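Hi,

Here is the structure I promised to pass on to you. Have a look at it first, and then read my notes below.

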Amino acid sequence: MQNSIQFQEDLLKWYQTHKRTLPWRVDNPNPYATWVSEIMLQQTTVPTVIPYFQRFLGQWPRIQDLEKASLDDVLHLWQGLGYYSRARNLHQCAKKIVTDFGGVFPSDEKALKTLPGIGDYTAAAIRSIAFNKASVVMDGNIERIMARLFVVKEPLPSAKSILKSYAQSLSSQIYPGDYAQALMDLGSSICTPNNPSCSICPIQKYCKATEENPEDYPKKQMKKKIPRKHATLFWAEDLNGRVLIEKRPAKGLLGGLMGFPTSPWEEVSDDALKFAPIEGKWMPVDGTITHTFTHFHLTFSIVRTVVEHKTEGVWVKKEDLVHYAFPTLMQKVIQRMEEERRAAIGA
Ligand code: SF4
C-alpha cells in the first residue's frame with residue numbers, strides 16, 4: 001500500500017470515537033492487567049470475560065498477589081470460563097515473573113515468550129498494548145482484515161506468513177497499542193466474518209476486497225477428504241457356540257485390544273477370503289459395519305462359518321465376550337451378529 005501513514009491515521013481517527021469501553025482498557029495500561037485480559041480472551045468472548053476479569057483483578061490486584069494465591073483459589077475463580085490450562089499457566093507465570101524477573105513484566109518479546117502460556121500473539125499484544133512498543137499483533141480478526149485489504153488468494157493456514165508481512169508493512173511505530181486495538185475493534189464490529197459493514201468502514205478506500213465479495217476472504221484450505229478403507233471380518237463359530245477372537249498387535253491402531261480376524265484394512269481390497277484364519281465355508285452376512293477413525297472411514301463386510309473340529313486360536317463363548325476389551329468397532333460387530341442370531345431363530 002502506497003500510503004501506510006494515511007491508512008494508520010484514518011484507522012486511529014475512527015478508533016478514537018468508536019473504541020469499545022472495556023475494563024482493561026485504561027489510559028495507562030499495566031502489563032499485568034493486559035496479560036490477564038489477553039489470556040482470558042483466548043477462546044472466550046468479551047462479554048463473558050468482563051465479570052471474570054473484574055473479580056480476578058479485585059482478588060489479586062498485583063502480580064505479587066497472584067503469585068501468593070493458591071492454585072485451587074485461582075481455579076475456583078476460573079470456574080465456568082473453561083480451558084483450565086490457561087488458569088494454571090497464569091498462576092505458574094506469576095511465580096516465574098516474581099522469581100526470575102523480580103516481579104516486573106518483561107517488555108522484550110523473546111523474554112515474554114519464555115513465560116508459560118504466552119505465545120506469539122499474547123507476547124505481541126502485551127508488548128504493543130501495555131508497553132506501546134512496535135509489534136505485529138496477529139489474531140483471527142487481523143488476519144481477516146489483511147486478507148481482505150490485499151485480496152490474498154493463498155488459503156489459511158499457509159497464508160499466515162504473507163498476512164503477517166502485510167500487517168507489518170502497515171503497522172504503526174508511533175501508536176502501536178492504539179493501532180493494534182483499533183484493528184481488533186474493527187475486526188469485531190465492522191470487518192466481521194459475515195456481512196462486513198464496508199459502507200461505514202474507515203479503511204474502505206484502501207480495501208481491494210470491496211471490488212469482489214469480501215466474505216470470500218480469507219481463503220480457507222479445502223478440508224482433506226479422509227479415505228475409505230474396507231476389510232472383510234471373519235466370524236468363526238464352533239458347534240459349542242464359541243467364537244474365534246484375537247488380540248490385536250500391541251503397536252498400531254487399537255493396539256492390544258481384542259478383535260476378530262480380518263483381512264488387511266485397505267482402500268481397495270479384493271480376494272479377501274485368502275486371509276481367512278481357518279478353512280471353511282464362508283457365507284456373507286447381510287449389511288456392513290462402518291466406523292470412522294480420525295484419518296479414515298472403515299467398512300467391514302462380515303463373513304461367517306461354523307467349524308466342526310477344534311482348531312487353533314482363542315475360542316470364547318459368545319456370552320463371555322463381554323469380559324474382553326473390545327473397542328467400539330468390534331462391539332458393533334458383536335451386536336450385529338447377535339441381531340443375526342435372533343433373526344435366524346425368529347426371536
Ligand atoms: S471495506 Fe469491508 S472488507 Fe474491507 S476492511 Fe472494511 S469492512 Fe473489511
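Let's start with the big picture: the centres of domain 1 and domain 2, taken over C-alpha atoms, are 55 Å apart. Domain 1 covers 4-138 + 164-189, and domain 2 covers 228-345; these bounds come from an automatic or database domain assignment.

Before you zoom in, keep in mind that this is a predicted model, where local features need pLDDT of at least 70, side-chain atom pairs count only at pLDDT 80 or more, and totals for chains, interfaces and linings use all residues. Residues are numbered from 1 along each chain as its sequence is written. The average pLDDT (the predictor's confidence in each residue, from 0 to 100) is 92 for the protein, and 99% of the residues score at least 70. Confidence is lowest in helix α5 (residues 71-78), with a mean of 87, and highest in helix α4 (residues 63-68), at 97. Helices here are DSSP runs of H or I with at least four residues, strands are runs of E with at least two, and both are numbered from the N terminus.

Now find helix α11 (residues 176-189). Helix α1 (residues 4-18) packs against α11 at an angle of about 75°, with the axes 9 Å apart. Axes are lines fitted to C-alpha atoms, for helices over the stretch in contact, and angles run from 0 to 180 degrees between N-to-C directions. So α1 and α11 are roughly perpendicular (65 to 115 degrees; under 35 is roughly parallel, over 145 roughly antiparallel, and the rest oblique). Residues making this contact include Trp14 and Tyr15 of α1 and Tyr179 and Ala182 of α11; to be in contact, two residues need C-beta atoms, placed from the backbone, within 7 Å.

Helix α9 (residues 140-149) also packs with α11, at about 80° and with axes 8 Å apart. That makes α9 roughly perpendicular to α11. Among the residues in contact are Ile142 and Ile145 of α9 and Leu183 and Met184 of α11.

Next, the ligand: 14 residues surround it, the closest being Cys191, Cys198, Cys201, Cys207 and Pro214. A residue counts as near if its C-beta atom, placed from the backbone, lies within 6 Å.

Most residues other than glycine have a negative phi, and most peptide bonds are trans. Glutamine 43 is not a glycine, yet has a positive phi of about 65°. The peptide bond from leucine 156 to proline 157 is cis, with omega near 5°, and the one from tyrosine 217 to proline 218 is cis too, with omega near -5°.

Cheers
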